[in-house]
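Thanks for coming. I will take one part of this structure today, starting with the charged side chains and then moving to a helix. Please have a look at it first.

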Amino acid sequence: MEKRFSDMDEYELKLEISMLNEKAKKAEQLGNMNEFAVYERRKTLAQSYLINPDSIEPGHAYRMTDGVTIFEVSYMNGRFAWGYRSGERELAGVPISLLADKITMDA
């Protein structure tokens with residue numbers, strides 16, 4: 001039976017992330033893009049468990065790991081930040097591992 005990410009310690013999470021990374025590479029090389037996407041999503045979720053959710057502050061904006069998108073956090077729910085991507089009006093939830101840097105807004 002597979003362990004949940006929430007039940008894993010840091011070492012186990014890092015092993016799982018490494019394994020998922022290898023599986024994703026293999027799937028991509030074989031052209032299995034759906035399988036690749038699943039492994040990448042699971043890896044992103046596992047990485048979220050290596051981040052303290054208290055380090056993400058509602059009411060602040062964060063640059064996402066794509067380096068372009070800004071995400072304004074409205075509230076937290078577990079390992080997901082809920083809020084709005086730059087230029088969008090639809091509420092979205094993203095794993096906290098996709099948030100890179102807090103952005104300081106000048107008044």
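Lys14 forms a salt bridge with Glu10, with 2.9 Å between the closest N and O atoms; a salt bridge here is a side-chain nitrogen of Lys or Arg within 4 Å of a carboxyl oxygen of Asp or Glu. The model is predicted, so local features need pLDDT of at least 70 and side-chain atom pairs count only at pLDDT 80 or more, while totals for chains, interfaces and linings use all residues. Residues are numbered from 1 along each chain as its sequence is written, and side-chain values use heavy atoms, with hydrogens and water left out.

Lys14 and Glu10 are 4 residues apart in helix 1, which means about one helical turn between them. Helices are DSSP runs of H or I, at least four residues, numbered from the N terminus. Lys14 is partly exposed, at 46% relative accessible area, and Glu10 is too, at 48%. Buried means under 20%, exposed over 50%, and partly exposed in between, with a 1.4 Å probe and protein chains only.

Glu12 also pairs with Lys3 in a salt bridge, at 2.8 Å from N to O. The whole structure has 6 salt bridges.

Now the rest of helix 1. Which of its residues are buried? They are Leu13, Glu16, Ile17, Leu20, Ala24 and Ala27. These cover an arc of only 100° around the axis, so they sit on the same side of helix 1; the arc is taken from the directions from the helix axis to the C-beta atoms. On the other side, Tyr11, Lys26 and Gln29 are exposed.

Note on methods:
Helices (H or I, at least four residues) and strands (E, at least two) are DSSP runs, numbered from the N terminus.
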